[in-house]
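Dear colleague,

I am passing the structure on to you with this email, and my notes follow below it. Please read them with the model open beside you.

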Amino acid sequence: MPCRRYVIYVAWNDKKYKLGMSANPQIDLSFLNHNEGYDHIAYISSPLPLAVSDYVLSTISKPQERIGKDYSSGLKLPLVSSPARSVKRIIDAKFKQVKKELEQLKEECFLEKPLHFSSKSISIDYFSLHRYEDALEDILAGRIYYRREIERRLKERGIELDNLDVLLHLSTLRGQVQQVPSIKIAEPDRMVCNRCGHHERIKKAYCNVGKRECYFCEGCLMLGESKPCEALYAAPARPRMQENYVKSVRLNLDIAFSLPQYEAFEALARFVRKDSLSEAMVWAASGAARPEVAYGAIREVLKRGGRVLFGIPRKEIMEEMNYRLTQAFPGVTVAGVRGKVTKAVKDPDIVLASAYHALKYYRNFDLVILDEAEAFPFRACDMLVNALRRARKTDGKYVYITSTPDPAMYARAQRGEVKVIMIPLRVHGIPLPVPKMIVEKDIQGERKIPDSLFGLVRETIEEDLAQLLVVVPDQGTSARIGAFLREKFMEMAYGDADRLLMSTGCQDEEQQRKVNSWVRGEFPILVTTNLTRRGDVAPNTNVIVVYADNPTFDEGALLQLAGRVGWSDSYPTGKVWFIASRMTRPIEGAIRKINLLNEEAEKKGLLETGAVKRSDLKS
């Protein structure tokens with residue numbers, strides 16, 4: 001399909017003027033003449049790529065000018081008696097601004113002066129197009145799609161339109177549909193993908209269709225190319241028939257909460273019911289959070305006929321969460337969306353969306369929940385967090401459950417922009433193990449194996465009688481540390497070193513087999529690169545992070561690794577060591593956050609009393 005080009009224009013009559021952009025501005029004039037009485041239009045740019053036209057229009061105009069502005073309302077122009085003279089000055093001034101902005105973008109303007117046209121230049125068959133408006137609205141309600149996706153869904157309904165572009169554009173002019181470039185220009189030298197939110201992964205390419213330099217987003221390429229010349233169309237969800245009518249929703253929750261979990265459950269229900277803030281962060285000690293703490297908030301939304309989106313970071317827990325929610329909310333429709341959906345549930349009350357399916361929703365849900373925010377791929381993939389925020393209605397709520405708070409979210413919480421609900425300790429009520437920092441300056445650059453390493457290994461297996469997880473930045477280092485420890489064990493006549501330890505990494509085809517063997521306790525020491533699966537834990541464990549100042553270990557990764565320790569009742573006082581050549585911001589931040597959780601637990605008097613149970617949540 002050829003790249004569509006858009007013209008920036010000024011439309012006017014004897015009372016007001018407005019600015020807009022269009023691939024066919026004659027349609028705009030016909031519509032504006034028919035509906036709002038505009039009878040003239042002037043093109044103030046040559047045809048431009050959508051992203052360029054969108055950026056220039058937003059730069060040279062104010063919101064009121066894009067809606068329609070009276071000549072007399074705040075014009076910074078000399079007073080003149082004739083509207084014709086006023087609009088001529090406006091058009092000339094805007095034309096000069098367009099040329100200036102295009103120069104900054106290194107785009108050519110082929111117009112030497114604005115082109116003027118009068119009304120009634122084109123006739124539109126509004127009656128024929130009106131027949132398909134309901135189908136288009138139904139397809140787009142609460143979604144964001146490309147034109148090709150809309151066309152495909154219309155065909156699935158037996159509708160084929162030669163003038164789909166006209167229908168989409170008229171819906172945009174009416175304000176029913178929002179049109180944005182797939183990749184927008186945020187600044188002259190900075191682009192952002194409107195589909196996934198990435199800006200650092202926009203790559204330059206040559207477009208064979210447009211015969212010019214173009215761009216695409218590498219971050220969401222697996223969903224098809226996102227380009228500056230292609231439009232995305234979005235529309236908010238329509239109100240549901242039952243919305244705002246309070247009804248009874250039964251919550252069948254046959255589990256036991258710790259006291260901090262129960263307090264979080266109640267706090268989230270209050271947050272949804274009456275809090276003025278739109279976002280909440282449930283900050284939990286690693287292993288202390290559970291998705292059920294959000295069920296009170298879910299019930300509040302369902303009672304008023306609202307819809308809930310539950311972000312699922314890993315597809316393997318999709319079916320489990322579907323079952324748990326179905327059991328917890330009898331009579332409520334729950335649908336999981338992942339892969340190629342073969343059986344759709346019409347307008348479900350709760351949607352479980354994994355991975356990239358969240359990118360298709362737009363202003364659709366009254367409550368959006370992201371659980372296990374630190375788990376792969378959510379912690380490493382901002383685009384999915386952006387997608388979940390976009391899926392929330394403008395007056396909806398967003399809940400972020402995490403044990404490794406994102407620095408940006410944490411900063412917003414510190415400013416009071418996000419409500420913070422803390423679960424500061426685990427069920428056993430013992431303080432979280434605080435990592436001990438060991439500085440060895442001569443290991444900078446990771447050329448030298450830390451002197452303290454083998455002593456900590458012996459302390460773990462000889463004194464603590466525990467298992468040990470030694471975490472390193474990369475697979476090469478894993479092999480080197482593994483070889484070093486084997487040699488030390490052989491020197492001390494420990495016996496078969498292979499029965500004591502294994503080393504692995506993400507490039508090892510047998511990684512999961514080795515990890516599973518370690519989890520089962522078949523050998524005590526595992527040397528590995530950073531683990532991504534939260535289930536890869538053993539109950540009696542110490543952790544050593546070697547070269548913790550390596551950029552691989554951001555604050556979230558260090559918090560997650562420290563959380564592998566002390567979660568079990570059998571060994572709640574496990575040990576964590578960070579070995580590094582220097583203190584870094586991520587190391588300092590991880591230690592500070594663990595101390596903050598312990599301080600909060602102590603302040604609330606929860607230490608060693610956290611096992612108080614509450615299970616009276618069925619009402």
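**Salt bridges**

Searching the whole structure gives 38 salt bridges, a salt bridge being a side-chain nitrogen of Lys or Arg within 4 Å of a carboxyl oxygen of Asp or Glu. Please keep in mind that this is a predicted model, in which local features need pLDDT of at least 70 and side-chain atom pairs count only at pLDDT 80 or more, while totals for chains, interfaces and linings use all residues. Residues are numbered from 1 along each chain as its sequence is written, and side-chain values use heavy atoms, with hydrogens and water left out.

One of these salt bridges joins Glu-65 to Lys-94, with 3.2 Å between the closest N and O atoms. This pair connects distant parts of the chain, since Glu-65 belongs to helix H3 (residues 63-67) and Lys-94 to helix H4 (residues 83-104), 29 residues apart; helices (H or I, at least four residues) and strands (E, at least two) are DSSP runs, numbered from the N terminus. Glu-65 is buried at 7% relative accessibility, and Lys-94 is buried at 9%, where buried means under 20% relative accessible area, exposed over 50%, and partly exposed in between (1.4 Å probe, protein chains only).

Glu-320 and Arg-324 form another salt bridge, their closest N and O atoms lying 2.7 Å apart. Both residues sit in helix H11 (residues 318-328), four residues apart, or about one turn of the helix. Glu-320 is partly exposed at 41% relative accessible area, and Arg-324 is partly exposed at 24%.

A salt bridge also brings together the side chains of Arg-415 and Glu-417, at 2.9 Å from N to O. Arg-415 counts as exposed, at 54% relative accessibility, whereas Glu-417 is partly exposed, at 35%. These two residues belong to a network of salt bridges that also links Glu-279, Arg-389 and Arg-412.

Helix H17 (residues 555-562) is mostly covered, with eight of its eight residues buried; among them are Glu-555, Leu-558, Leu-559 and Gln-560. The elements that cover these buried residues include strands E22 (467-471), E25 (541-546) and E26 (576-580), together with helix H18 (585-603), contact meaning heavy atoms within 4.5 Å.

There are two cavities of 30 Å³ or more. On a 1 Å grid over the protein atoms alone, a cavity is a set of points where a 1.4 Å probe fits but cannot get out, and its lining residues have an atom within 4 Å of a point. Grid points are joined across faces, edges and corners, and a volume is the space filled by probe spheres set on the points.

The largest cavity holds about 100 Å³ of space. Its lining has 13 residues, of which Ser-286, Leu-432, Leu-559, Gly-563 and Ile-594 lie nearest the centre, and H17 and H18 each supply at least two residues of that lining. By class, the lining of the largest cavity has nine nonpolar residues, three polar and one charged, with Ala, Val, Leu, Ile, Met, Phe, Trp, Tyr, Cys and Pro taken as nonpolar, Asp, Glu, Lys and Arg as charged, and the others, Gly among them, as polar.

The second largest cavity holds about 60 Å³. Strand E7 (residues 143-146) gives the largest share of its lining, three residues, and the lining as a whole divides into six nonpolar, no polar and four charged residues. Residues lining the second largest cavity include Glu-149, Arg-195, Lys-360 and Arg-390.

With best wishes

How values were computed: 1 Å grid on protein atoms, 1.4 Å probe; cavity = no way out; pocket = protein on both sides within 12 Å on 5 of 7 lines; lining within 4 Å.
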